[in-house]
Amino acid sequence: MSKQMTQKIAIAGASGRMGRMLIEAVSEAADCELAGALDVAASAGIGNDATAFLGHASSVAITANLQEGLKGCDVLIDFTRPEGTMAHLKACRELGVNLVIGTTGFSEAQKTEIAAAAKDIAIMMAPNMSVGVNVTLKLIEMAAKALSTGYDIEIIEAHHRHKVDAPSGTALKMGEVVAKALGRDLKTCGVFAREGVTGERDPESIGFATIRGGDIVGDHTVLFAGTGERIEITHKSASRVTYAQGSLRAVRYLAGRKTGLYDMFDVLGLQ
């Protein structure tokens, strides 16, 4: 990619684990330039050089001022919390900065607001930026269509003890992909808790099980349980670096795009 097409990138949550992973990935990419770093005002990182943890200076200071942090940027990568992302969305819309969203846990109203903003800026939004996870989603879609009758479908996910939303955005996306492939609505067929005498399993349901513990980066399994056989499609993440690299692929996909709401299937050509 030519120097003229270098993407100037801002990172939200710059002091956090994922933020630092993103900053490192941007710093190592020849076609990307770190141009902004955002964090909440209470963060101990405010005022620090964004790449100080890497042992070198970038001249980009971490700031809570959105106008300052986004100035001159082409795109913001955001893996924070819904309330933070919505504030960033407003600023990006005002400044004409594209947005890559890896945040999960949005309400339906917030998703509607994001879709509306995509009429003014280009947004790539996905609950999981991993290339492998998105290929897994495609495999799940194919399996669901082929195993549409006679198989009970359960989704099991495991994450680290610090994750605040459940089920994970990736697990919900898997459920949505399966439900769509089967012509069902996850809002009515999803089962998110079982306790006590629940009765026999509804064959139309899609079940979810959530595990939280330790430092598990992210494990997801979709189980198709039939009579006499089980098919399990599993993806396991060992490092957040896969999310960072997927985010950079999303940045490159948005380059030159002015508006529109996209997902990783668009980025990877899996639609």
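Author: Happy to. A salt bridge here is a side-chain nitrogen of Lys or Arg within 4 Å of a carboxyl oxygen of Asp or Glu. Keep in mind that this is a predicted model.

Reader: Okay, then what makes E154 and R201 a salt bridge?

Author: Their side chains meet at 2.8 Å, N to O, and the cut-off is 4 Å. The pair passes. E154 lies in strand β7 (residues 152–159) and R201 in the loop between β8 and β9, so the bridge ties together parts that are 47 residues apart in sequence.

Reader: Which residues are linked with E154 and R201 in a network?

Author: D152 and R194 join E154 and R201 in a network of salt bridges. Across the whole structure, the search finds ten salt bridges.

Reader: How do you know that R212 and E157 form a salt bridge?

Author: Their closest N and O atoms are 2.8 Å apart, against that limit of 4 Å. R212 is in strand β9 and E157 in strand β7, so this pair connects parts 55 residues apart in sequence. E157 counts as buried at 1% relative accessibility, whereas R212 is partly exposed at 28%.

Reader: And what makes E108 and K111 a salt bridge?

Author: The closest N and O atoms are 3.6 Å apart, and the rule asks for within 4 Å. E108 and K111 are three residues apart in helix α4, which puts about one helical turn between them. E108 is partly exposed with a relative accessible area of 46%, and K111 is partly exposed with 32%.

Reader: Where does helix α4 lie?

Author: Helix α4 (residues 108–117) lies across β5, β6 and β12, and runs at about 140 degrees to β6. Helix α3 (residues 82–95) lies across β2 (32–38), β4, β5 (98–101) and β6 (122–125), at about 175 degrees to β4.

Reader: In what order do the seven strands of the open sheet come?

Author: The order is β3-β2-β1-β4-β5-β6-β12, and the pairing is parallel. β3 (62–63) and β12 (260–262) are at the edges: each has a single partner strand, so one side of each has no neighbour in the sheet.

Reader: What makes β1 and β4 a pair?

Author: Two strands pair if there are at least two bridges between them. Strand β1 (residues 7–11) and strand β4 (residues 75–78) have three, in the parallel sense. For instance, I9 has V75 in β4 as its bridge partner.

Reader: What about β8 and β9, over how many bridges do they pair?

Author: They pair over two bridges, in the parallel sense, and at least two is what the rule asks for. G190 stands opposite I206 in β9. These strands belong to an open sheet of five, ordered β8-β9-β7-β10-β11, with mixed pairing. β8 and β11 (230–237) are the edges, each with a single partner strand, so one side of each is left without a neighbour in the sheet.

Reader: On to rings. How many aromatic pairs are there?

Author: The structure holds two. In one, the rings of F192 and F208 have centres 4.7 Å apart and planes at 20 degrees, so the pair is stacked. The cut-offs are centres within 6.5 Å and planes under 30 degrees apart. F192 lies in the loop between β8 (190–191) and β9 (206–212), while F208 is in strand β9, so the pair ties together parts 16 residues apart in sequence.

Reader: Why are Y253 and Y262 called edge-to-face?

Author: Their ring centres are 5.4 Å apart and their planes at 75 degrees, so the pair is edge-to-face; that label needs over 60 degrees. Y253 counts as buried at 19% relative accessibility, and Y262 is buried with 19% too.

Reader: What sits over the ring of Y253?

Author: The charged end of R257, 3.8 Å from the ring's centre. The charged end of R257 also sits over the ring of Y262, 5.6 Å from its centre. The distance limit for that is 6 Å.

Key
Residues numbered from 1 in each chain as written. Predicted model: local features only at pLDDT ≥ 70, side-chain atom pairs only at ≥ 80, totals over all residues. Heavy atoms only, no water. Phe/Tyr/Trp six-rings, centres within 6.5 Å; stacked < 30°, edge-to-face > 60°. Helix = DSSP H or I, 4+ residues; strand = E, 2+ residues; numbered from the N terminus. Buried < 20%, exposed > 50% of the residue type's maximum accessible area, 1.4 Å probe, protein only. Lys NZ or Arg CZ within 6 Å of the ring centre and 35° of its normal. Contact = heavy atoms within 4.5 Å. Axes fitted to C-alpha atoms, helices over the stretch in contact; angles between N-to-C directions.
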